[in-house]
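I opened this entry to keep track of what I looked up, one topic at a time. The sequence and model come before the notes.

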Amino acid sequence: MNISLETLRGMFEAMLKSRLVEEKLIEMLARGEMLGLVHSTIGQEAIPIGATWHLRDGDYWNAARGHIQSNIVRGMDLKRMFAEFLGKKPGPCGGKGGKVHLCDPSIGNLGFRGCQGAFIPLCCGVAYAQKSKKTGGITMCFFGDGASNQGVFYEGLNLASLHKLPVVFMCANNQYSVSTKFSEHTPVENIADRAASHAMPGVIVDGNDVEAVYQAVGEAVARARSGEGPTLIEGKTYRIRGHYEGDPMSYRSLDEVEEWKKKDPLDRFTRRCLELNVVSREEIERLRDVFQREVDEAVLFAKEAPYPSPDDLLKDVFMEEPAAY
Ligand SMILES: Cc1ncc(C[n+]2csc(CCOP(=O)(O)OP(=O)(O)O)c2C)c(N)n1
Ligand SMILES: [Mg+2]
């Protein structure tokens, strides 16, 4: 599959913008300007960007660690995004979702579940609805290496394969589940190998190479859209930052982190885009300024926006309208 220069440029811009969003969030958390937790995706952006790039209206995806990138790719306005991060009313969840529980079905974002792995069967349910209603849509199911050891992973893969559901299982293997190293929680070398027992393709991809992710997911999405069923993709990557911002990270060596920093997907993709003349150094500087301004304006908007009112407290607790999918 050839990747057009336009796609490369788009993915580059999304990656750069998401990096600036994350850096701003980390800064705001450190200054006490926001509450809650920040689980950074810095260093893992290639997976959500390369995968979400294939989605279109009518497709769905769940928020996992890479939801900032996916929201940006699917066109979420940064003002709404930061409003939600700060618990303010103009956010997609009216300020009641916050950083972790931001969801927005209008762009396909089904949200996040605190119970790791819980989204796997839920995504299968959405894909089941898409198939039975013949919507032509697909569902991208994002999860991590730790979540792949939950029982629902196996149930989900079994169901999806049996019914040839239009779902792509996108696992970001970032080598850690909180403080537990991959080899200490999983006895197999590759999560993708587990696809074989569910009669579906299992694909391993360099998760720090956005082009490779784009290619692998493209094939899986084509398979899902044509009714051939699911694919399990494992992107090998690394969580450069802590599980959450403030994590003391005493469970791993700094050398290990430094080694992976050399494979930073943004640095790598920047070099590649310069090589291919997708972007020039001057344009990168200009884009950086434009995006930084957009981020700063979004923060200002969010800070000045109102909090939800006490009247909003019991709204959105029970579903009042039929689901959109
Ligand atoms: C069922 C369940 N067990 C434990 C937890 C606590 N927990 C929160 S995040 C997390 C690690 C998830 O690791 P992984 O799936 O690899 O995703 P990552 O955070 O690395 O992106 C754990 C164990 C949880 N949320 N749900
Ligand atoms: Mg992990």
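Is Val 168 buried or exposed? I note before answering that this is a predicted model. I looked up the relative accessible area of Val 168 and found 0%. Buried means under 20%, so Val 168 is buried.

I then placed Val 168 in the fold. The residue belongs to strand S3, which covers residues 167-173. Next I listed what Val 168 touches, leaving aside neighbours within four places in sequence. The list reads Thr 139, Met 140, Cys 141, Ala 220, Val 221, Ala 224, Thr 231 and Ile 233.

Metal site. Which protein atoms are donors to the magnesium ion (ligand 2)? I found Asp 145 (OD), Asn 174 (OD1) and Tyr 176 (O), lying 2.1 Å from the ion. Written as a sequence pattern, the donor residues are spaced D-x28-N-x1-Y. Asp 145 sits in the loop between strand S2 (139-144) and H6, while Tyr 176 is in strand S4 (residues 176-177). These two are 31 residues apart, and the pair links distant parts of the chain. I checked burial as well: Asp 145 and Tyr 176 are both buried.

Helices H5 and H6. I took H5 as residues 119-132 and H6 as residues 151-162, and looked up how they pack. The angle is about 20° and the axes are 8 Å apart. Angles under 35 degrees count as roughly parallel, so H5 and H6 are roughly parallel to each other. The crossing of H5 past H6 is left-handed. From H5 the contact uses Ile 120, Pro 121 and Cys 124; from H6 it uses Val 152, Phe 153, Gly 156, Leu 159 and Ala 160.

Helices H1 and H8. How do I describe the packing of H1 (residues 5-30) with H8 (residues 210-225), and at what angle? The angle is about 120°, with the axes 11 Å apart. H1 and H8 are therefore oblique to each other. H1 passes H8 in a right-handed crossing. On the H1 side I listed Thr 7, Leu 8, Met 11 and Met 15, and on the H8 side Val 210, Glu 211 and Tyr 214. The residues of this contact divide into five nonpolar, one polar and one charged.

Definitions and conventions: Residues numbered from 1 in each chain as written. Chains lettered and ligands numbered in written order. Predicted model: local features only at pLDDT ≥ 70, side-chain atom pairs only at ≥ 80, totals over all residues. Heavy atoms only, no water. Axes fitted to C-alpha atoms, helices over the stretch in contact; angles between N-to-C directions. Helix = DSSP H or I, 4+ residues; strand = E, 2+ residues; numbered from the N terminus. Parallel < 35°, antiparallel > 145°, perpendicular 65-115°, else oblique. Left-handed = near helix turned anticlockwise from the far one by under 90°. Contact = heavy atoms within 4.5 Å. Donors = N, O, S within 2.8 Å, 3.2 Å for Na, K, Ca; no water. Buried < 20%, exposed > 50% of the residue type's maximum accessible area, 1.4 Å probe, protein only. Nonpolar A, V, L, I, M, F, W, Y, C, P; charged D, E, K, R; others polar.
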